[in-house]
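Reader: Hi! I'm new to looking at proteins, so could you take a close look at the strands with me? I'd like to know how they pair and what sits around them.

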Amino acid sequence: MRQQALNLVLVLLTLLVLAGFPSKANGSLLPFIDYPGNLWADRFPDPFRVLEQIPYMALSPAKVDWKETPEGHVIMLDVPGLKKDEIKIEVEKDRVLRVSGQRKKEEEKDGDHWHRVERSYGKFWRRFRLPDNVDLDSVKAKLENGVLTVTLNKLSPDRVTNPRVVSIAGDDEQPAKQEL
(Lines give C-alpha, C1' and ligand atoms only; values in the text may rest on other atoms or scores of the structure.)
Protein backbone atom coordinates (compact mmCIF):
# COMPACT_ATOMS: atom_id res chain seq x y z
CA MET A 1 0.00 0.00 0.00
CA ARG A 2 2.78 2.39 0.93
CA GLN A 3 4.67 1.52 -2.24
CA GLN A 4 1.59 2.39 -4.36
CA ALA A 5 1.28 5.79 -2.71
CA LEU A 6 4.98 6.47 -3.32
CA ASN A 7 4.63 5.48 -6.98
CA LEU A 8 1.64 7.80 -7.37
CA VAL A 9 3.59 10.72 -5.90
CA LEU A 10 6.50 10.04 -8.26
CA VAL A 11 4.20 9.94 -11.27
CA LEU A 12 2.56 13.23 -10.26
CA LEU A 13 5.91 14.93 -9.74
CA THR A 14 7.10 13.69 -13.14
CA LEU A 15 3.98 15.09 -14.79
CA LEU A 16 4.50 18.43 -13.10
CA VAL A 17 8.06 18.65 -14.34
CA LEU A 18 7.11 17.61 -17.87
CA ALA A 19 4.24 20.10 -17.88
CA GLY A 20 6.57 23.04 -17.40
CA PHE A 21 7.03 23.57 -13.68
CA PRO A 22 7.15 26.38 -12.53
CA SER A 23 4.05 27.77 -14.19
CA LYS A 24 3.52 31.17 -15.70
CA ALA A 25 -0.29 30.94 -15.44
CA ASN A 26 -2.32 32.75 -12.85
CA GLY A 27 -5.83 31.83 -11.80
CA SER A 28 -6.03 28.30 -13.14
CA LEU A 29 -6.91 25.36 -10.97
CA LEU A 30 -4.24 23.39 -12.83
CA PRO A 31 -1.50 26.04 -13.02
CA PHE A 32 1.27 23.71 -14.13
CA ILE A 33 -0.21 22.93 -17.52
CA ASP A 34 -2.41 25.94 -18.26
CA TYR A 35 -0.29 28.59 -19.90
CA PRO A 36 0.10 29.73 -23.51
CA GLY A 37 2.40 27.64 -25.68
CA ASN A 38 2.22 24.51 -23.54
CA LEU A 39 1.55 21.36 -25.58
CA TRP A 40 0.18 19.55 -22.52
CA ALA A 41 -2.67 22.05 -22.19
CA ASP A 42 -4.08 20.94 -25.54
CA ARG A 43 -3.95 17.27 -24.61
CA PHE A 44 -5.05 17.58 -20.98
CA PRO A 45 -7.30 20.64 -20.65
CA ASP A 46 -8.18 21.94 -17.21
CA PRO A 47 -11.56 20.32 -16.47
CA PHE A 48 -12.66 23.38 -14.54
CA ARG A 49 -11.90 25.64 -17.50
CA VAL A 50 -13.89 23.28 -19.73
CA LEU A 51 -16.87 23.68 -17.40
CA GLU A 52 -16.54 27.46 -17.69
CA GLN A 53 -17.28 27.17 -21.42
CA ILE A 54 -20.68 25.56 -20.83
CA PRO A 55 -23.53 28.09 -20.49
CA TYR A 56 -24.14 28.51 -16.77
CA MET A 57 -27.90 28.58 -17.04
CA ALA A 58 -27.87 25.13 -18.59
CA LEU A 59 -26.20 23.75 -15.47
CA SER A 60 -27.92 25.79 -12.86
CA PRO A 61 -31.24 27.37 -13.74
CA ALA A 62 -32.72 30.40 -12.01
CA LYS A 63 -32.59 30.01 -8.23
CA VAL A 64 -35.99 29.86 -6.59
CA ASP A 65 -37.70 30.56 -3.27
CA TRP A 66 -41.30 29.35 -2.82
CA LYS A 67 -43.40 30.19 0.19
CA GLU A 68 -46.99 29.57 1.15
CA THR A 69 -48.89 32.29 2.98
CA PRO A 70 -52.43 32.24 4.38
CA GLU A 71 -53.56 34.08 1.21
CA GLY A 72 -51.64 32.13 -1.43
CA HIS A 73 -48.30 31.01 -2.82
CA VAL A 74 -45.37 33.25 -3.74
CA ILE A 75 -42.59 32.02 -6.02
CA MET A 76 -39.50 34.22 -6.42
CA LEU A 77 -36.90 33.53 -9.12
CA ASP A 78 -33.53 35.23 -9.54
CA VAL A 79 -33.27 36.37 -13.17
CA PRO A 80 -30.68 39.17 -13.08
CA GLY A 81 -30.30 41.18 -16.25
CA LEU A 82 -33.40 39.82 -17.98
CA LYS A 83 -36.23 42.00 -19.25
CA LYS A 84 -39.87 41.01 -18.96
CA ASP A 85 -40.10 40.27 -22.69
CA GLU A 86 -37.30 37.67 -22.30
CA ILE A 87 -39.32 35.64 -19.76
CA LYS A 88 -42.38 33.47 -20.40
CA ILE A 89 -44.81 32.14 -17.77
CA GLU A 90 -47.21 29.32 -18.67
CA VAL A 91 -49.75 27.23 -16.78
CA GLU A 92 -49.57 23.76 -18.29
CA LYS A 93 -52.00 20.88 -17.88
CA ASP A 94 -51.80 18.86 -14.68
CA ARG A 95 -51.37 22.03 -12.58
CA VAL A 96 -47.79 22.76 -13.67
CA LEU A 97 -46.42 26.29 -13.72
CA ARG A 98 -43.53 26.71 -16.19
CA VAL A 99 -41.22 29.73 -16.15
CA SER A 100 -38.74 29.95 -19.02
CA GLY A 101 -36.47 32.51 -20.57
CA GLN A 102 -33.29 33.19 -22.44
CA ARG A 103 -30.34 35.46 -21.92
CA LYS A 104 -28.52 36.08 -25.17
CA LYS A 105 -24.74 36.09 -25.34
CA GLU A 106 -23.25 39.54 -25.79
CA GLU A 107 -22.07 40.22 -29.32
CA GLU A 108 -18.34 40.12 -29.83
CA LYS A 109 -16.97 43.10 -31.72
CA ASP A 110 -13.73 43.23 -33.68
CA GLY A 111 -10.88 44.28 -31.46
CA ASP A 112 -12.51 43.05 -28.25
CA HIS A 113 -10.34 40.82 -26.09
CA TRP A 114 -12.27 39.13 -23.29
CA HIS A 115 -10.28 38.31 -20.17
CA ARG A 116 -13.09 36.52 -18.35
CA VAL A 117 -16.67 35.52 -19.18
CA GLU A 118 -18.55 34.45 -16.06
CA ARG A 119 -22.01 35.85 -16.62
CA SER A 120 -24.41 33.18 -17.72
CA TYR A 121 -26.29 33.02 -20.98
CA GLY A 122 -28.60 30.59 -22.70
CA LYS A 123 -32.06 29.18 -22.14
CA PHE A 124 -33.49 28.16 -18.81
CA TRP A 125 -36.77 26.85 -17.45
CA ARG A 126 -38.23 25.86 -14.14
CA ARG A 127 -41.40 23.84 -13.59
CA PHE A 128 -43.49 23.74 -10.44
CA ARG A 129 -46.25 21.25 -9.65
CA LEU A 130 -48.91 23.40 -7.99
CA PRO A 131 -50.98 22.08 -5.09
CA ASP A 132 -54.73 21.58 -5.37
CA ASN A 133 -55.48 24.70 -3.33
CA VAL A 134 -54.08 27.09 -5.98
CA ASP A 135 -56.43 29.18 -8.10
CA LEU A 136 -54.89 28.76 -11.56
CA ASP A 137 -56.75 31.81 -12.87
CA SER A 138 -55.11 34.12 -10.34
CA VAL A 139 -51.49 33.93 -11.57
CA LYS A 140 -49.78 37.33 -11.46
CA ALA A 141 -46.13 38.18 -12.06
CA LYS A 142 -43.89 41.16 -11.37
CA LEU A 143 -40.24 41.71 -12.35
CA GLU A 144 -38.28 44.05 -10.12
CA ASN A 145 -34.51 44.40 -9.54
CA GLY A 146 -33.72 41.06 -11.21
CA VAL A 147 -36.28 39.10 -9.17
CA LEU A 148 -39.39 37.66 -10.80
CA THR A 149 -42.19 37.30 -8.26
CA VAL A 150 -45.11 35.05 -9.21
CA THR A 151 -48.13 35.17 -6.90
CA LEU A 152 -50.96 32.64 -6.91
CA ASN A 153 -54.08 32.98 -4.77
CA LYS A 154 -55.47 30.07 -2.81
CA LEU A 155 -58.89 28.62 -3.51
CA SER A 156 -61.47 28.75 -0.76
CA PRO A 157 -61.61 25.41 1.09
CA ASP A 158 -65.02 24.54 -0.40
CA ARG A 159 -63.63 24.89 -3.96
CA VAL A 160 -60.62 22.61 -3.42
CA THR A 161 -61.19 19.29 -5.12
CA ASN A 162 -60.03 16.33 -3.11
CA PRO A 163 -58.92 13.09 -4.71
CA ARG A 164 -61.69 10.62 -5.50
CA VAL A 165 -61.57 7.47 -3.39
CA VAL A 166 -61.97 4.21 -5.31
CA SER A 167 -63.30 1.18 -3.46
CA ILE A 168 -61.55 -2.12 -3.97
CA ALA A 169 -63.48 -5.35 -4.36
CA GLY A 170 -62.29 -8.17 -2.14
CA ASP A 171 -62.56 -11.96 -2.09
CA ASP A 172 -65.79 -11.80 -0.10
CA GLU A 173 -67.59 -9.94 -2.89
CA GLN A 174 -68.82 -11.68 -6.01
CA PRO A 175 -67.39 -10.18 -9.21
CA ALA A 176 -69.94 -9.00 -11.73
CA LYS A 177 -70.83 -11.58 -14.35
CA GLN A 178 -69.55 -10.81 -17.78
CA GLU A 179 -71.41 -11.78 -20.91
CA LEU A 180 -69.42 -12.92 -23.85
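**The strands, sheet by sheet**

Author: Let's begin with an open sheet of 3 strands, lined up as S3-S4-S5 with antiparallel pairing. (A strand is a DSSP run of E at least two residues long, a helix a run of H or I at least four long, both numbered from the N terminus; two strands pair if DSSP finds at least two bridges between them.) S3 and S5 are at the edges with a single partner strand each, so one side of each has no neighbour in the sheet. From one strand to the next, the twist averages 15° (axes are lines fitted to C-alpha atoms, for helices over the stretch in contact, with angles from 0 to 180 degrees between N-to-C directions).

A quick word on what you're looking at: this is a predicted model, where local features need pLDDT of at least 70 and side-chain atom pairs count only at pLDDT 80 or more, while totals for chains, interfaces and linings use all residues. Residues are numbered from 1 along each chain as its sequence is written, and side-chain values use heavy atoms, with hydrogens and water left out.

Back to the strands. S3 and S4 are joined by 6 bridges in the antiparallel sense, and one spot to look for is Ile87, whose bridge partner in S4 is Gly101. Between S3 (87-92) and S4 there is a loop, and Asp94 lies in it. Take a look at the backbone there: Asp94 isn't a glycine, yet its phi is positive, about 65°. Most residues other than glycine have a negative phi. Asp94 counts as exposed because its relative accessible area is 53% (exposed is over 50%, buried is under 20%, and partly exposed is in between, using a 1.4 Å probe and protein chains only).

Now for the other sheet. Four strands make up an open sheet in the order S1-S2-S7-S6, and the pairing is antiparallel. S1 (64-68) and S6 are the edge strands, each pairing on one side only. Here the twist averages 15° from one strand to the next. S1 and S2 are antiparallel partners with 5 bridges; to find your place, look for Asp65, opposite Met76 in S2.

At the other end of that order, S6 (residues 140-144) and S7 (residues 147-153) run antiparallel and are joined by 5 bridges. Lys142 faces Thr149 in S7 across the pair. These strands form a hairpin with 2 residues between them. Asn145 is in the loop between S6 and S7, and this residue also has a positive phi, about 55°, without being a glycine. With 77% relative accessibility, Asn145 is exposed.

For a contrast, move over to S2 (residues 72-78), where you'll find His73. Why is His73 called buried? Because its relative accessibility is 3%. The His73 side chain makes a polar contact with the side chain of Asn133, at 3.2 Å. (That means a pair of N or O atoms within 3.5 Å; within protein, one must be able to donate a hydrogen and the other to accept it, and residues adjacent in sequence count only if both atoms are side-chain atoms.) If you skip neighbours within four places in sequence, the contacts of His73 include Trp66, Glu68, Asn133, Val150 and Leu152 (contact means heavy atoms within 4.5 Å).

What lies inside? The largest nonpolar core has 15 residues, and Ile75, Leu77, Val79, Leu97, Val99, Leu148 and Val150 have the most contacts inside it. (Such a core is a set of buried Ala, Val, Leu, Ile, Met, Phe, Trp, Tyr and Cys residues joined through side-chain atoms within 4.5 Å.) The elements giving two or more residues to this core are S2, S4 (96-103), S5 (122-129) and S7. S7 gives the most, with 3 residues. Click on Leu97 for an example: not counting residues up to four places away in sequence, Leu97 touches Ile75, Val91, Phe128, Val139 and Val150, among others.

Finally, zoom out. The protein has 4 helices and 7 strands, and along the sequence the pattern reads α-α-α-α-β-β-β-β-β-β-β. Of its 180 residues, 21% are buried. Among contacts between residues at least 6 apart in sequence, 48% join residues at least 24 apart.
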